[in-house]
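Good morning, and thank you for joining this meeting.

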Amino acid sequence: MKFGARIIKTGIAISLALFIAELCHSPSPSLAGISAIFAVQPSIYRSYLEILQRAQGNVIGAVIAIGFGLYIGNDFILIGVASIICVALLIQFKLEKTIGLALVTLVIVMDSPTNDFLMIALTRFGTIMLGLVAAFIVNLIFLPPKYEITLFQFIYSTNDEIMRWIKLNLRHAADFPLLKKDMKWMQKQITQMSSYYELYREERTFLRRTNISKSRKIAVYRQMILCSQKGYELLRILHRYENDFLQLPPEKQELIRMQIDYLTDTHEQLLLTYIDKVSVDLNYTEKHFSQDPADLMRLFLNEMKEIDKEDDDEGIDQYHLMRIIACVFAYQETVDYLEKLIHSFKLRHDEENKIDIDVHE
C-alpha cells in the first residue's frame, strides 16, 4: 500500500468530523470520527454514492435499534438478534457494503442508557451521520484526484516497456528470465490502468461542452487500453513461439519484423500526438494508415503451402505461425482505430481538447 492522497484525506476527514461534532456539542464526538473512516473514497462520484448508500444503511440500523430499544429491550441477546435482522435487510436491499457501519450504528444506538433513550439514540445517530458528511466535504474540496494524468502515465509507461521488449524479442536480444518477470509487471499495470480508467470515467462534469469532450476522451482512453492489451498479447505470443519464428527464412522474418516495428512506432507516435508532443497531421483523412497487410497474408498462405508439401515434422508449426500473424493483425486493427480516434479528437475539437499531461511527471 502506497502513502497517497487518500490516506491524507482520511486523516483530514477524521479531524474535521471531530471538530464539527465538538462544535455541535455532541456528547460522543468520536462516533463522527469513526464513521468518517468508512466514507473516504478515491473519487468524488464514488464518495457521493458511498454517502447515499451508507446513509440508507445507517437509517435501517438506527430504526431497528430504536424499535428494539423502545418496544422490546436492549440487552446483549436482543442486540445480537437485532444485528441479524439488520444484516438480513441490508442484504435484501443490496446494501452489503454498508453492513459494517450500519452494525456499528445499531450497537451504539441500542447501547444508549434506558433513561431518555430516544433522545440519546437520535443524538448518537446524528453524530455518525455527521462523520459521513464531513468525509464527503473532504472528498469534494481537499486534494481532488487527477485520474486522467495518472491513467495516461500508466498507459505510456506500460506501452513503452511492451514496445521495447517486442523489438528486443524480434531481434533475439531478450533476456528470458528478465522478460518473464517484466511480463508479470505488465499484466499488473494493465489491470491497474483499467482501474484508473473506471475512476476517470466515473468523474462527473457539469458543463455540456466539457461533458462532450470528456465522452470523446473516454473513447480514446478505452482504445489506448485495448491497444496495450493487444500489444502485450503480441509480445506474449512472440515470446512463446520464438523458435517457430526463427525457423522462417530470413527474408520472411524481416517482413514480419518490419510490419511490427511500423505498428509499435505508430503506436508510440499516437500517444505523443495525444499529449501534443507530436504535431497532428492537418491533411489526415480517415482511412487505413498502416502498411498494406496483404504481403503479410501472402507470406502466411505461402508458408502454409510449403509446410503442407514438406514431411519434416520438425519444421514450423502451422498453428503457431497462425497465432503470430493473427496477433499482428489484431494489434494493427486496434492501432488503426486509435489513430482514427485521436486524429478526429484533435482536428475537430482543437480548442476544447488541449491535453496538459507530461509523461515524465
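**Helices H11 and H13**

Helices H11 and H13 run roughly parallel to each other, because the angle between them, about 25°, is under the 35 degrees that counts as roughly parallel. Please bear in mind that this is a predicted model. H11 covers residues 250-274 and H13 covers residues 318-348, and their axes are 10 Å apart. The crossing of H11 past H13 is left-handed.

Which residues in H11 meet H13? They include Ile256, Ile260, Leu263, His267, Leu270 and Tyr274. On the H13 side, the partners include Ile325, Val328, Tyr331, Val335, Leu338, Ile342 and Phe345. The residues of this contact comprise twelve nonpolar, seven polar and two charged.

I now turn to the aromatic rings. A search of the whole structure finds seven aromatic pairs. One of them joins Tyr221 and Tyr274: the ring centres are 5.4 Å apart and the planes stand at 75°, so this pair is edge-to-face. Tyr221 belongs to helix H9, residues 208-240, while Tyr274 belongs to H11; the pair therefore ties together parts that are 53 residues apart in sequence. Tyr274 is also among the H11 residues that meet H13.

Finally, I come to the annotation. An unreviewed UniProt entry places the feature "transmembrane region" at residues 63-91 and 121-143.

Methods:
Residues numbered from 1 in each chain as written. Predicted model: local features only at pLDDT ≥ 70, side-chain atom pairs only at ≥ 80, totals over all residues. Heavy atoms only, no water. Axes fitted to C-alpha atoms, helices over the stretch in contact; angles between N-to-C directions. Helix = DSSP H or I, 4+ residues; strand = E, 2+ residues; numbered from the N terminus. Parallel < 35°, antiparallel > 145°, perpendicular 65-115°, else oblique. Left-handed = near helix turned anticlockwise from the far one by under 90°. Contact = heavy atoms within 4.5 Å. Nonpolar A, V, L, I, M, F, W, Y, C, P; charged D, E, K, R; others polar. UniProt positions renumbered as here; feature names shortened; annotations may be inferred. Phe/Tyr/Trp six-rings, centres within 6.5 Å; stacked < 30°, edge-to-face > 60°.
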